[in-house]
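Please keep the sequence and the model at hand while reading.

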Amino acid sequence: MHPAPRRRPRRTLVATALLGVASALAATACGPTPADAEPAGPFGELTGSQIVDKAFAATRSAKSLTVDIDLRSPDEPVKGYLALDDRGTCAGTLTMDTADTAELVKADDENVYLRFDEAFLREQVKDESPETQEATLDALRGRWMKSPVSDPDAKDMLALCDLKVLLGDFETGASGIVKGAETTVGGQRALALTEPGEGGASSTVYVATEGTPYVLRIVTKGGEEPGTITFSKYGRPVGAKVPAAKDVVATD
């Protein structure tokens with residue numbers, strides 16, 4: 001059997017992109033602005049900064065949730081859907097550069113399963129001989145690659161299964177966050193909180209105003225990583241299942 005292609009996801013895939021969005025929102029200004037301090041909406045006297053801090057703390061503490069990703073960087077657009085919980089269980093699909101698609105399943109603490117579409121596989125073996133290319137495709141087409149969670153090559157993908165890692169770079173105490181109007185995100189009432197950036201860029205966090213103040217959506221306009229990240233299905237089971245043995249190729 002031919003070895004599975006080893007590809008470290010570009011810029012650690014969505015993990016870096018998510019952290020970049022959070023970091024942009026968390027950039028600390030020199031001090032609070034009048035807009036940041038202005039009381040408004042269902043959070044009463046809390047400033048925009050305090051509301052966003054509260055929302056990210058709640059989101060990091062969630063038992064489970066799903067993340068829909070649509071990042072439109074001209075260099076490497078990424079779309080994806082991930083369901084994950086606080087035990088590290090996760091399942092999802094990621095598409096990079098509009099064509100290369102990877103599926104991920106981690107149903108326990110022992111193994112991670114990855115399945116790549118043919119476009120992804122062909123990209124990995126394009127520099128190999130035609131014979132090696134076809135042999136690799138025959139071995140892996142439509143099949144899951146099984147790796148232990150300790151495998152260094154699985155590290156970047158496994159970061160997507162840890163919500164605390166995804167949001168770990170978010171810094172508290174940002175200022176200049178403007179509280180906007182109430183709106184609806186996925187059928188839930190939400191408050192928009194926006195931080196203007198340089199060159200007309202901006203990031204807006206939509207925070208649930210009823211029940212737990214979870215982050216419901218992050219929209220970034222302009223800059224290097226424009227796009228939308230939507231958080232939903234808080235508290236629902238992930239439903240990750242180990243693939244059937246006949247569809248699995250072990251990489252160890």
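## Terms and basis

Two strands are said to pair if DSSP finds at least two bridges between them, where strands (E, at least two residues) and helices (H or I, at least four residues) are DSSP runs numbered from the N terminus. The model is predicted, and local features need pLDDT of at least 70, side-chain atom pairs count only at pLDDT 80 or more, and totals for chains, interfaces and linings use all residues. Residues are numbered from 1 along each chain as its sequence is written, and side-chain values use heavy atoms, with hydrogens and water left out.

## The sheet

An open sheet of mixed pairing is formed by 12 strands, in the order β7-β8-β9-β10-β11-β1-β2-β3-β4-β5-β6-β12. Its edge strands are β7 (178-185) and β12 (248-250), each of which pairs on one side only. On average, and with direction ignored, neighbouring strands of this sheet are turned by 20° against each other; for such angles, axes are lines fitted to C-alpha atoms, for helices over the stretch in contact, and the angles run from 0 to 180 degrees between N-to-C directions.

Strands β8 (residues 188-196) and β9 (residues 202-208) pair in the antiparallel sense over seven bridges, and the bridge partner of L193 is V205 in β9.

## Strand β4 and its neighbours

Strand β4 (residues 100-106) pairs in the antiparallel sense with β3 (residues 90-96) over seven bridges, where C90 has K106 of β4 as its bridge partner. With β5 (residues 111-116), β4 also pairs in the antiparallel sense, over four bridges; here the bridge partner of V105 is Y113 in β5, and a hairpin of four residues joins β4 to β5.

Six of the seven residues of β4 are buried, where buried means under 20% relative accessible area, exposed means over 50%, and partly exposed lies in between (1.4 Å probe, protein chains only).

## Nonpolar cores

A nonpolar core is a set of buried Ala, Val, Leu, Ile, Met, Phe, Trp, Tyr and Cys residues joined through side-chain atoms within 4.5 Å. The largest one has 55 residues, of which L104, V215, F231 and Y234 touch the most other members. Helix α3 (residues 48-60) supplies the largest share of this core, five residues. A second, separate core has eight residues, including A83, A91, W144 and V248.

Leaving aside neighbours within four places in sequence, L104 has contacts (heavy atoms within 4.5 Å) that include L82, C90, Y113, W144 and M157.

## Salt bridges

Across the whole structure, 12 salt bridges are found, each being a side-chain nitrogen of Lys or Arg within 4 Å of a carboxyl oxygen of Asp or Glu. In one of them, E103 meets R115, with the closest N and O atoms 2.9 Å apart. E103 lies in β4 and R115 in β5, so this pair ties together parts that are 12 residues apart in sequence. E103 counts as partly exposed at 25% relative accessibility, and R115 counts as partly exposed at 24%.

A salt bridge also joins the side chains of E118 and R141 (2.9 Å, N to O). This pair links distant parts of the chain, 23 residues apart, with E118 in helix α4 (residues 118-124) and R141 in the loop between α5 (130-140) and β6 (144-148). Both E118 and R141 belong to a network of salt bridges that also links R122, E134 and D138. K246 and D247 form a further salt bridge, with the closest N and O atoms 3.3 Å apart; K246 is exposed, at 66% relative accessible area, whereas D247 is partly exposed, at 25%.
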